[in-house]
Amino acid sequence: MRTTRRFRRLVQGVLLVLLAAYSIFPIYMVTVESLKTVDEDVFGSPFYVRHPSLEWYQNLFEEHEWMTHARIVTRTVPFLVWSRNTAIVFSAALAVILLSSLMAGYALGRLRPPAWRGWRRVLLATFLIPQTILFLPLYKVVFHLHLDDNLLALVLTYPMLAIPFCAWLFSVYFQKLSPDIEESAYIEGAGRFTAFLRIVLPMSWPVVVAAGLFALGVISSDFMFAGVFLPNQWHQTIAAGMATMDVSLEDLSVVSGISLGGLPVLLIAALFAGSYVRGLTAAMIEGA
C-alpha cells in the first residue's frame, strides 16, 4: 500500500515538473536569446548561452541624436516612452476594470435585479467571444470618437475585454457571501455604501487581486489593438512598439525588449500568486 502511494506521488511529482518546465520553456528561451552576442546567436547552441552579454538591453536605452523640426533630441528606440505609455494604459485600464466589475458584480450578486442570473450568463458568454471578431466594431467606435493614435483608445478598449469575466467572478463571490456582517453594520447606522467600503471590500481583497491579475494577463497579451490604434511610435506601448521593430540575427534588441517588458508582469504575478489562488477559491467555493 505504501509502495503504491509513493509511486503515485512520484508520478505526480514528475508530471508537475514536466508541466512547469513546459510552461517556463518559452520564457527561458527568450531570456537566453536576449543574452547572446551575434556570434553566439549564429554559431552557438539555441538552448544555452556561454558568454552572457547585456549588449541588447543597453541598445534599448542608447542615446542617438535625432533632429526633428522642433530640434528635439530623442532616441531611435523609444523604449522608455513605450514603458511610460504602457504604465499609463495598464494603470488606467486596471482601475476602470476593477471599479466597474466591483459595482456590476455587487449589483448582480447582492442586489439581484430582475433576470440577474440571465445577465450573469450573458456576461460570461461575451467573454468567450474571440477578440478578432470584436476588432472591426471596436475600430469603428475608436475612429468615430476621434481616439485613433491616442492612449485613451486602449484605456476604453481593454476594459471591454476583461470586465465580463471579472464582473462574473465578483457576482459569484457576492452571491452567497454571508450578509450577517453587513446587517450588523446596518444596525449600527451605516448605509449600504459605507458597509461595502469599510467591511465587504477589505474582506474581499483576495478576489480583487484575482480579478486584477486576470485583467492584467488579458491586457498584457494584446498587441493587435495597440498596434492598430496607435500607429505613431511615440504613442505606442511596449507590445505595439516591439511589433514594429525589425528582427534579424544581427540585432536582438527586440528579444531583449520583450524580455524586459514582460519582467514587471512576471514579478507581479509571482508576488500575488498566493492571493490569486485564495481569491479564486473564495469566489468558487465560499461565495458560490
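Predicted model: local features only at pLDDT ≥ 70, side-chain atom pairs only at ≥ 80, totals over all residues.
Residues are numbered from 1 along each chain as its sequence is written, and side-chain values use heavy atoms, without hydrogens or water.

**View 1. The cavity lined by parts of helix 8 and helix 9.** A search of the whole structure finds one cavity of 30 Å³ or more. (On a 1 Å grid over the protein atoms alone, a cavity is a set of points where a 1.4 Å probe fits but cannot get out; lining residues have an atom within 4 Å of a point.) Its volume is about 30 Å³. (Grid points are joined across faces, edges and corners, and a volume is the space filled by probe spheres set on the points.) The lining consists of Arg-110, Leu-177, Ser-178, Ile-181, Glu-182, Ile-199, Val-200 and Met-203. Helix 8 (180-187) and helix 9 (192-203) are the elements that give two or more residues. (Helices are DSSP runs of H or I, at least four residues, numbered from the N terminus.) Helix 9 gives the largest share, three residues. By class, five lining residues are nonpolar, one is polar and two are charged. (Ala, Val, Leu, Ile, Met, Phe, Trp, Tyr, Cys and Pro count as nonpolar, Asp, Glu, Lys and Arg as charged, and the others, Gly among them, as polar.)

**View 2. The largest pocket, with about 800 Å³ of space.** (A pocket is an open set of points with protein on both sides within 12 Å along at least five of seven lines.) Of its 35 lining residues, Phe-90, Ser-220, Gly-261, Gly-262 and Val-265 are the closest to the centre. Six helices each supply at least two lining residues: helix 4 (79-111), helix 7 (151-175), helix 10 (205-220), helix 12 (238-243), helix 13 (253-271) and helix 14 (273-286). Helix 13 supplies the largest share, nine residues. The lining has 25 nonpolar, nine polar and one charged residues.

**View 3. The second largest pocket, with about 270 Å³ of space.** Helix 1 (2-34) and helix 13 each supply at least two residues of this lining. Helix 13 again gives the largest share, here seven residues. Pro-26, Ile-27, Val-30, Thr-31 and Tyr-57 line the pocket, together with Ile-258, Ser-259, Leu-260, Gly-262, Leu-263, Val-265 and Leu-266. Nine of the lining residues are nonpolar and three are polar; none is charged.
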